[in-house]
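Here is a friendly walk through one protein model, written to be read with the structure open beside you.

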Amino acid sequence: MKFVPDFLLEKIPIGKWAKVFVEYLTDNYYDQFRLFSDGLEYLIQEFVDLLVWIPPLVLIILICVLSYWLHRKWSLTIGVGIALLFIINLGYWQETLETIALVVYATMFSCILGIPLGIAAAHRSWIYTLMRPILDLMQTIPTFVYLIPTLMLFGLGMVPGLISTVVFAIPAPIRLTHLGVTGVPQQLIDAGKAFGASHMQLLWKVELPHALPSIMAGLTQCIMLSLSMVVIAALVGADGLGKPVLRALNSVNIAQGIEAGIAIVIVAIVLDRLLKQPGQSSTGS
């Protein structure tokens, strides 16, 4: 290249370093990674089998009861029931349950890891300063890049898709938990201290209750991000609604692609409405 110093053209071998690191892990810890993968795959499959074992209409009734118990709205309950019946009509009930299992596990892991990290970052600003560029990288790097090392480490199946989904979705609960905890008014903190509350009491009785709407928004965002990864996860053998979308793409089957896409949208809307707090605007609206 003209007018560019030679030292700038000396490529930094970041890709080679990453390759060496992944190869080191596969060479030295292959059995441990596969044991972890098999165990996690077993848990996911058992959860799917449990959902499949329940008759579809019974499961839909249970979800409708949960919807009414959470929100006390007949319109929402009826809408959820009709939406799930429509998925059965489309013929994607099995794939929907597999997708829900993947989303549940991805969201669970993301929140178990992300919420404590967000709390720690809110209490120690230097932690968030260190985490922020990493979170930006996790959210902006192409998701296909995650699949290469996870596929090498965990093999084909649900687990590499799950790990990639967690990496992609975990910044949401971290950021929104940090936002919620740092947004607690100082007057509330001072009042808690004046009543002799310890740090843990302040966290559980003042900060987390006040930050709960933001944390729930992070949970909802995490679910939406996880659903957006179902097609990507299908590339590495993960079951669910991503597979018919992928088959439709490979065969240019417009009808199948639209039907599977509508099923994904329905799952996203149902989960969003179920988890939405009263008075909170929906993620998708």
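Cys64 is buried, at 14% relative accessibility; here buried means under 20% relative accessible area, exposed over 50%, and partly exposed in between, with a 1.4 Å probe and protein chains only. Cys222 is buried too, with a relative accessible area of 0%. How far is the sulfur of Cys222 from the closest cysteine sulfur? The partner is Cys111, and the separation of 4.9 Å is too far for a bond. Across the whole structure, the search finds zero disulfides, a disulfide being a pair of cysteine sulfur atoms within 2.5 Å.

Two notes on reading these values. This is a predicted model, in which local features need pLDDT of at least 70 and side-chain atom pairs count only at pLDDT 80 or more, while totals for chains, interfaces and linings use all residues. Residues are numbered from 1 along each chain as its sequence is written, and side-chain values use heavy atoms, with hydrogens and water left out.

Now to the rings. The whole structure holds six aromatic pairs. Rings of Phe, Tyr and Trp (its six-membered ring) pair if their centres lie within 6.5 Å; planes under 30 degrees apart are stacked, over 60 edge-to-face, and the rest tilted. One of the pairs joins Tyr24 and Tyr29, with centres 6.1 Å apart and planes at 75°, so it is edge-to-face. Tyr24 is partly exposed at 44% relative accessible area, and Tyr29 is partly exposed at 36%.

Phe47 and Tyr105 also make an edge-to-face pair, 6.0 Å centre to centre with 75° between the planes. Phe47 sits in helix α2 (residues 14-53) and Tyr105 in helix α5 (residues 93-123), so this pair ties together parts that are 58 residues apart in sequence. Helices are DSSP runs (H or I, at least four residues), numbered from the N terminus. Phe47 is partly exposed at 24%, whereas Tyr105 is buried at 13%. Elsewhere, ring pairs link Phe33, Phe36 and Phe154 into a cluster.

Finally, the pockets. On a 1 Å grid over the protein atoms alone, a pocket is an open set of points with protein on both sides within 12 Å along at least five of seven lines, and lining residues have an atom within 4 Å of a point. The largest pocket has about 650 Å³ of space, where a volume is the space filled by probe spheres set on the points. It is lined by 23 residues, and Ala18, Val22, Val145, Tyr146 and Pro149 are the closest to its centre. Two or more lining residues come from each of α2, α6 (125-140), α7 (143-154) and α8 (158-169).

The second largest pocket has about 490 Å³ of space. Among its 21 lining residues, Leu66, Ile100, Val104, Leu271 and Leu274 are the closest to its centre. Helix α5 gives the most to this lining, with seven residues. By class, the lining has 20 nonpolar residues, one polar and no charged; Ala, Val, Leu, Ile, Met, Phe, Trp, Tyr, Cys and Pro count as nonpolar, Asp, Glu, Lys and Arg as charged, and the others, Gly among them, as polar.

Conventions:
1 Å grid on protein atoms, 1.4 Å probe; cavity = no way out; pocket = protein on both sides within 12 Å on 5 of 7 lines; lining within 4 Å.
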